[in-house]
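Work through the exercises below with the sequence and the model at hand. Try each task before reading its solution.

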Amino acid sequence: MTAIPFIPENAPFTAEQRQWLNGYLAGLLTNAASAPEPAAPKRPLLVLYGSQTGTSEALAKKTAKVADAKGFAPRLVCMEKFESVDLAKEEHVLVITSTYGDGEPPDNAIGFWAWLSSDSAPRLEQTRFSVLALGDTNYAQFCEFGKRCDARLEQLGAQRLHARTDCDVDYDAPAAAWTESVFAAMGGISPMGPMAPTTEAHSRKNPFSARLTANRKLTRDGSGKEVRHFEIDLFGSDLSYEVGDALGVLPTNCPALVADVLAALGCDGEEAVGDVPLRLALAQTYDISRPSSDLLSAIAARDPSGELAPLLDPARRDDLKKFLWGREVIDLIAGLAQPFAPAEFVALLKKLQPRLYSISSSPNAHPGEVHLTVGAVRYESHGRARGGVCSTFLSDRVGTDTPVPVFVQPSHGFKLPTDAARDIIMVGPGTGIAPFRAFLEERELGNAAGRNWLFFGDQRRATDFLYEEQLTAWRESGHLARLDLAFSRDQAEKFYVQHRMIESAAELWSWLEGGAHFYVCGDASRMAKDVDAALHRACEIAGGLSAEAATEYVARLKTDKRYQRDVY
């Protein structure tokens with residue numbers, strides 16, 4: 001077939017020019033006809049996360065990558081940025097969140113929950129959702145915030161595309177199953193072929209084998225506590241950190257405790273469980289201190305007339321908690337008429353989890369190393385000496401040649417102000433001093449213009465003044481504008497950092513009104529709550545605010561990231 005020319009003969013071109021133009025235009029037409037159809041637009045997907053320590057955020061990022069590979073266009077949004085999203089227009093929403101404290105939202109999800117649980121939250125009939133909740137079954141309010149989000153989204157009319165999944169501390173397998181299920185429910189398109197292998201950076205799943213270079217006792221003789229300063233060499237790793245971050249340490253269990261467990265099982269430790277001997281598995285892989293709920297149920301089933309069985313009634317939760325206080329796995333399996341078989345036993349245990357410690361050094365002050373401030377947990381109960389797994393691992397069982405598996409856990413909600421001219425107020429009694437030592441080192445090296453105010457306390461000044469020389473030197477140099485101390489047992493009536501805050505309410509209010517950032521680190525169960533109450537009270541006393549107005553003021557501090565907590 002002869003091609004129809006594009007350029008007519010009467011066009012103002014020579015014969016050679018017409019021939020060339022006809023050929024060029026015919027080529028364009030041929031290429032256009034053979035061009036592939038444009039790819040279908042990817043379906044939008046909102047991945048909304050709430051995270052305190054970074055675990056939920058990491059899972060959300062991983063989920064977003066999977067979504068992109070499966071034909072979606074994911075938007076990764078932290079709950080604190082909820083106002084940037086029109087939830088009523090989202091067709092698919094995946095919620096990944098942890099629970100903080102006593103069933104509360106993570107700090108970066110407080111505003112989101114206040115909005116979602118209010119009357120102003122929109123109807124969501126067009127939305128399909130699923131929730132991945134992270135928690136710890138050792139706490140009564142297990143995954144409570146994830147459960148609240150799940151229930152509230154349903155109440156607003158959203159439809160579940162997959163049931164909520166509640167993850168314990170060993171979250172990898174259930175999180176992976178949830179991810180697979182939600183994308184199957186949404187009809188995700190699988191990527192073509194396997195992903196190219198990559199070199200895995202050091203992380204929670206691939207910790208770096210570091211070396212402990214210093215182990216120094218900070219508390220003095222006569223103290224009721226044992227607090228130690230550790231220095232860890234990161235040479236040869238790809239690990240880096242910022243002040244405010246935490247260091248994850250993967251410990252091994254005490255060999256004496258492992259031996260006692262083996263004796264209670266009637267085993268010599270060479271029995272195979274999977275690919276390793278039982279002794280090695282109990283030393284490195286499983287938590288043999290705190291009994292899991294599965295183990296409790298299995299023991300009750302074997303001894304239904306024993307003391308434990310009736311305490312598993314949900315109505316007797318408080319009685320069970322009292323019974324378990326000071327008891328470990330060894331106490332519950334010792335004396336069983338029918339010991340567990342090795343494989344059966346380890347299947348009832350939780351995996352040994354890393355411990356996270358607030359980093360107490362500035363990377364600029366101590367290049368290539370990281371410092372920790374750790375209270376060694378030691379006590380006696382029910383006729384046995386007990387010890388914290390990781391604190392005694394670092395204190396007692398790590399030598400110069402013992403590898404210390406570590407990784408950095410970034411903190412996105414506990415950071416110095418980006419404006420170094422801002423004042424900071426730090427409340428860190430006991431080992432809560434750790435991140436503030438790092439803050440002060442960093443601000444000193446950076447010649448930060450902002451003032452620094454530290455509230456520190458412990459039991460007795462003579463024995464428990466952690467980093468006394470460094471702190472007093474900073475106070476004398478003016479680097480610490482204020483150092484307020486509270487040693488609870490140096491007088492007849494106990495006196496704590498929150499009492500010092502009330503004493504200094506006027507200046508505290510003045511600093512806050514001037515734009516200061518407020519930080520708290522330490523015990524979540526009592527101290528952090530008492531400090532929070534003292535902050536509210538100081539706003540009432542010095543600011544002349546009502547209780548309601550003080551609550552609103554403190555809430556704004558949190559929203560503006562001027563009130564940050566690292567509590568545990």
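**Exercise 1.** Which strands and helices do the buried residues of H5 pack against?

*Solution.* The model is predicted, local features need pLDDT of at least 70, side-chain atom pairs count only at pLDDT 80 or more, and totals for chains, interfaces and linings use all residues. Residues are numbered from 1 along each chain as its sequence is written, and side-chain values use heavy atoms, leaving out hydrogens and water.

Step 1. Locate the helix: H5 covers residues 172–186. Helices (H or I, at least four residues) and strands (E, at least two) are DSSP runs, numbered from the N terminus.

Step 2. List its buried residues (buried means under 20% relative accessible area, exposed over 50%, partly exposed in between, with a 1.4 Å probe and protein chains only). They are Ala175, Trp178, Thr179, Val182, Phe183 and Met186. Seen down the axis of H5, these buried residues fall within an arc of 120 degrees, so they line one face of the helix. The arc is that of the directions from the helix axis to the C-beta atoms.

Step 3. Find the partners, where contact means heavy atoms within 4.5 Å. The buried residues of H5 pack against strands S1 (43–50), S2 (72–78), S3 (92–98), S4 and S6 (165–167), and against helix H2 (55–69).

Step 4. Check the other side: the face turned away from the buried side carries the exposed residues Ala173, Glu180 and Ala184.

**Exercise 2.** State whether Ala133 is buried or exposed, and name its contacts.

*Solution.* Step 1. Ala133 lies in strand S4, residues 128–134.

Step 2. Its relative accessible area is 0%, so Ala133 is buried.

Step 3. Leaving aside neighbours within four places in sequence, Ala133 is in contact with Thr97, Cys143, Gly146, Arg164, Thr165, Asp166 and Cys167.

**Exercise 3.** At what angle do H17 and H18 pack?

*Solution.* Step 1. Helix H17 (residues 505–513) and helix H18 (residues 527–543) pack at about 95 degrees, with their axes 8 Å apart. Axes are lines fitted to C-alpha atoms, for helices over the stretch in contact, and angles run from 0 to 180 degrees between N-to-C directions.

Step 2. H17 is therefore roughly perpendicular to H18 (under 35 degrees is roughly parallel, over 145 roughly antiparallel, 65 to 115 roughly perpendicular, the rest oblique).

Step 3. Among the residues that meet are Leu508 and Trp509 in H17, and Leu535 and Ile541 in H18.

**Exercise 4.** Where is Tyr467 found?

*Solution.* Step 1. Tyr467 is in the loop between helix H14 (461–464) and helix H15 (468–477).

Step 2. Tyr467 has a positive phi of about 55 degrees although it is not a glycine.

Step 3. Tyr467 counts as buried, because its relative accessibility is 9%.

How values were computed:
The expected span of a helix is 1.5 Å times one less than its number of residues.
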